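Trainee: I would like to learn how to read the features of a model such as this one. Could we go through it together?

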Amino acid sequence: MSLSTRIADFDDPRFDPFETFESATQSDSDEDPYVRLAGMREQKSVFAVDYRELLGSPPDETMRDLAKYMVLGSPEIQQVLETPQVFSNTIFERNVGLCFGRSLTVMDAPEHTRYRQLFQKAFMPNVVSKWGETLVDPVVIGLIEGIKHKGRADLVKDFTKYYPFQIIYKQLDLPQADIGTFHKLAVGLTCIVVDVAHGVEASQKLGAYYSLLLEERRNSGGADLVSTLAQAEADGERLPDVVLVSFLRQLINAAGDTTYRATSSLLVGLLTNPDQLEAVRRDRTLIPAAIEEALRWEPPVTVCPRLTLQPVVLDGVEIPAGSEIDAMTGAYNRDPARYENPDHYKLHRKQQRHMGFAYGQHVCIGQHLARVEMTRALNALFDHLPNLRLDPDYPPPKVAGVNMRVPAAVYVRFDA
Ligand code: HEM
């Protein structure tokens, strides 16, 4: 089912949001950020510094006026994320709020609790596991069909960049002819941190479309995600359109982008460790461990920012109210006090909590879906691309980025 109104592209259709967002999250230095952060953590847990400046990525224009503190110690990171009454998500009103709108990310309790309870019902393990065969497999296998006769591919450009976006797109039941425009606008939303004008433009175009779509689907009785959310109620009341539209904006962005990054880094972890790749290929019950280790080793999101609502002392550092606190969740995942040899991808690690999906009240709502998608994607790659291995004509792939990480390419060969 699709609207008669078409989604509008950026006014300047040549604007490339993929390129703009990628440059916003990269570093101008070749240094591995984890090396620098590990050295600093040996000295102390909390630093009065902007991690972006420290690690060579562009400043977030929307946060310029805030005092900034980087939190590197694992106990302090945990404290930040489990104390939302002090470390508030309202910091996101400044950036994500401008492009997603009133999404879960900008809310604190009790508003957050009220809407989260409702939205998360649509992404519980028992719900998303059913999407595996009907939604995930056709997308994954469709993309692999396009490369399997070639014997070589860049699995980022040919596969990971597209499959999670196509899955959420199908679940939202949006018109197939416009998928390219929606993908541009979805990525355009997060350009807000470096290009406010294009971020706002993407937000307005998606917002106008979604408002009409909700009106149409509210009484349609359809089973797609938009119809389900349009009919949902909290405390006997329909959800306000502003909250629904914001959630839909967030969904089309978050569901596509992060899983693409996570799957790409999972492939790097396995392909650069051929013995581990072989172990998983032979014994598919190891896939969940392979995924969790990838999310620990190279989480796509490495920082969770929060705003202090009151003065607070963290590891002896006095922090005033109204400061930006950057909980470095990627560094938590590389803490040698928690993980032996943390910089190595090691499938057979003792399983313990990582912060790949963050932690606390705002822990990722889509984590179960992401796991279903990655499991089915890896199985399908093994099944349909025999003898999958790195392409020796290219240097080994490297995961890069500061607050969002991904390899630029994963060149592979397989038996066609
Ligand atoms: C491997 C893939 C994914 C990763 C690594 C990831 C990571 C994260 C992280 C770190 C957060 C918390 C940010 C913070 O607290 O500052 C988050 C929140 C969120 N994620 Fe994901 N995500 C992934 C996939 C998805 C998918 C597939 C969806 C869509 C179904 C999704 C939807 C959301 C939403 C709506 C929130 C906000 C939750 C809240 O504030 O209560 N994510 N994600």
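**Reading the helix packing, core and ligand shell**

Mentor: Leaving aside neighbours within four places in sequence, Leu 266 is in contact with Ala 290, Ile 291, Ala 294 and Met 374, where contact means that two C-beta atoms, placed from the backbone, lie within 7 Å. This is a predicted model, in which local features need pLDDT of at least 70 and side-chain atom pairs count only at pLDDT 80 or more, while totals for chains, interfaces and linings use all residues. Residues are numbered from 1 along each chain as its sequence is written.

Trainee: Which residues of α14 meet which residues of α16?

Mentor: Helices (H or I, at least four residues) and strands (E, at least two) are DSSP runs, numbered from the N terminus. From α14, Ala 262, Ser 265, Leu 266, Gly 269 and Leu 270 meet Ala 290, Ile 291, Glu 293, Ala 294, Leu 295 and Trp 297 of α16. An α-helix has 3.6 residues a turn, so residues three or four places apart point the same way. By class, the residues of this contact divide into eight nonpolar, two polar and one charged, with Ala, Val, Leu, Ile, Met, Phe, Trp, Tyr, Cys and Pro counted as nonpolar, Asp, Glu, Lys and Arg as charged, and the others, Gly among them, as polar.

Trainee: At what angle do α14 and α16 pack?

Mentor: Axes are lines fitted to C-alpha atoms, for helices over the stretch in contact, and angles run from 0 to 180 degrees between N-to-C directions. The angle between α14 and α16 (residues 287-297) is about 105 degrees, and their axes are 9 Å apart; the two helices are therefore roughly perpendicular to each other, a class that covers 65 to 115 degrees.

Trainee: How many residues does the largest nonpolar core have?

Mentor: In soluble globular proteins, nonpolar side chains tend to be buried together. A nonpolar core is a set of buried Ala, Val, Leu, Ile, Met, Phe, Trp, Tyr and Cys residues joined through C-beta atoms within 7 Å; buried means 20 or more other C-beta atoms within 10 Å of a residue's own, exposed 12 or fewer, and partly exposed in between. Here the largest core has 89 residues, and those with the most contacts inside it are Ile 168, Phe 247, Leu 248, Leu 266 and Val 410. The most is given to this core by α14, with 15 residues.

Trainee: Is Pro 300 buried or exposed?

Mentor: Pro 300, in the loop between α16 and β7 (304-308), counts as buried because 26 C-beta neighbours lie inside 10 Å. Not counting residues up to four places away in sequence, Pro 300 touches Thr 258, Arg 261, Ala 262, Met 404, Arg 405 and Val 406.

Trainee: Which residues come nearest to the ligand?

Mentor: A residue is near a molecule if its C-beta atom, placed from the backbone, lies within 6 Å of it. Of the 24 residues around the ligand, the nearest are Thr 258, Ala 262, Cys 304, Cys 364 and Gly 366. Two or more residues of the shell come from each of α14 (241-271) and α18 (367-384), and α14 gives the largest share, seven residues. The shell comprises 16 nonpolar, seven polar and one charged residues.

Trainee: Where does Asn 387 lie?

Mentor: Asn 387 lies in the loop between α18 and β11 (389-390); its phi is positive, about 60 degrees, although it is not a glycine. With 10 C-beta neighbours inside 10 Å, Asn 387 counts as exposed.

Conventions:
Parallel < 35°, antiparallel > 145°, perpendicular 65-115°, else oblique.
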